[in-house]
Amino acid sequence: MKIEQQYWTASEGWQNEQATPLGGNASLVLVFGATNILGDKSRMDEVRTRYSGAPVVGCSTSGEICGTRVRDDSLVVTAIRFEHSTIKLVQAAIGENDDSLSAGKRLAQALSHEQLVHVVVLSDGLKINGTELARGLRENLPTNVAVTGGMAGDGTNFKQTQVCADGELTEGLVAALGFYGDRLKVGYGSLGGWDPFGPERLITRSKGNILYELDGRSALELYKEYLGENNAGPADALLFPLALRTGDEGYGLVRAVMVIDEETQSMTFAGDMPEGGYARLMKANFDRLIDGAAGAAHASYETLGSVEPELALLISCVGRKLVLKQRIEEEVESVREVLGQNTVLTGFYSYGEICPHGTFTKCELHNQTMTITTFSEQ
């Protein structure tokens, strides 16, 4: 595997991060950028020209990861040439009636399952129910194939997210990359680091990923008690995600707010909020967030086979970025310390992360985590 990495900013222009010129021989080009820059036709034309013939895949972000730097208003381009592996790109659009489950199914069925090693999925961050998308994928893929990825971001604006599939930038789109080859090894890990507080609350009224009531009272009203009437927008609510418990499984998945609707007094989350489940508010712990990123790196290193990866795709939640602020690069640096100096790091801050949940399922939606996918050709 050979990798070339560059980034672009208005003040610096194009800069090399990983100088391994591939010319026109890239197998895949990953692009992560701010919404306005990713939508700049001249920038994307430069990328397509440099890597003519290679699929260009990526999404808008809430921050870009390039090496151990976390940037805003930049475009990060990571070109990869696989020596012994192949990829296949498929895509699915989400309709007006939210067919997220169907989209996941269509993507899984569009990928050849023979010699399929892993799937990376990038989706619109606002128009999609991540829980249903993950379910559609895992129910229609071989049991030994895991899925990782994330949902596009839009800074803290929560207005428009876009996915780039083969160079075309579109809203309401999901792109899936299938990785093939018996010499390709893929590892993954996902951890949070948030602390629960306050009482456990019963989800008494919800519909899919829309939450109306906790313990028989307005969930939005409850959030406003903690955040204050003037600070209950999605960006503020990200500071207080919900941990979910269903049945006797214990807390495992975390959900973050994407949309607040004052008219219906509802809160739309990135994934399902099942009635009859239990939720508990969570708050940030700086050191535990950074430890969570390191823990995700350890998990991805171990599932890879405890070898130094050549490439690591980091997808971290925008909520972590809002909390860590000036310390944000510490979580990326903690990943570097685990994976080694020779691993190329790329990725973005997202509106949701997709990764197996422990050993239970091969694909779940997460929020407020650092999710890491590592690659090595052996």
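Reader: What is the source of the coordinates, and how many helices and strands does the chain have?
Author: Treat this as a predicted model. Secondary structure was assigned along the whole chain. The count is nine helices and 28 strands.

Reader: What radius of gyration does the chain have, against the 21 Å of the globule rule?
Author: The globule rule gives 21 Å for 378 residues. The chain comes close to that, so it is as compact as a globular protein of that length. Along its principal axes the C-alpha trace spans about 60 × 45 × 40 Å. The radius of gyration is 19 Å.

Reader: Which strand gives the largest share of the lining of the largest cavity?
Author: The structure holds one cavity of 30 Å³ or more, and the largest cavity has about 90 Å³ of space. Strands S3, S9, S13 and S24 each supply at least two lining residues. The largest share is three residues, and these come from S3.

Reader: How many nonpolar, polar and charged residues line that cavity?
Author: The lining includes Leu 28, Phe 82, Val 120 and Phe 375. Ile 80 and Leu 313 are also among the lining residues. By class, the lining has 12 nonpolar, no polar and no charged residues.

Reader: How far apart are the end C-alpha atoms of helix H7?
Author: H7 runs over residues 286–304, which makes 19 residues. At 1.5 Å a residue, the helix should span 27 Å. The computed distance agrees with that: 28 Å.

Reader: Which elements do the buried residues of H7 pack against?
Author: The buried residues of H7 include Leu 289, Ile 290, Ser 300 and Leu 304. After the helix comes Gly 305, with a positive phi near 110 degrees. The packing partners of the buried residues are strand S14, helix H8, helix H9 and strand S28.

Reader: Which residues does Thr 268 touch, not counting those up to four places away in sequence?
Author: Thr 268 sits in strand S22, residues 266–269. Its C-alpha atom is 17 Å from that of Arg 201, 67 residues apart along the chain. The residues that Thr 268 touches are Asn 209, Ile 210, Ala 256, Val 257, Met 258 and Val 259.

Technical notes
Residues are numbered from 1 along each chain as its sequence is written. This is a predicted model: local features need pLDDT of at least 70, side-chain atom pairs count only at pLDDT 80 or more; totals for chains, interfaces and linings use all residues. Side-chain values use heavy atoms; hydrogens and water are left out. Helices (H or I, at least four residues) and strands (E, at least two) are DSSP runs, numbered from the N terminus. The expected span of a helix is 1.5 Å times one less than its number of residues. Buried means under 20% relative accessible area, exposed over 50%, partly exposed in between (1.4 Å probe, protein chains only). Contact means heavy atoms within 4.5 Å. On a 1 Å grid over the protein atoms alone, a cavity is a set of points where a 1.4 Å probe fits but cannot get out, and a pocket is an open set with protein on both sides within 12 Å along at least five of seven lines; lining residues have an atom within 4 Å of a point. Grid points are joined across faces, edges and corners, and a volume is the space filled by probe spheres set on the points. Ala, Val, Leu, Ile, Met, Phe, Trp, Tyr, Cys and Pro count as nonpolar, Asp, Glu, Lys and Arg as charged, and the others, Gly among them, as polar. The radius of gyration is taken over C-alpha atoms; the globule rule is 2.2 Å times the number of residues to the power 0.38.
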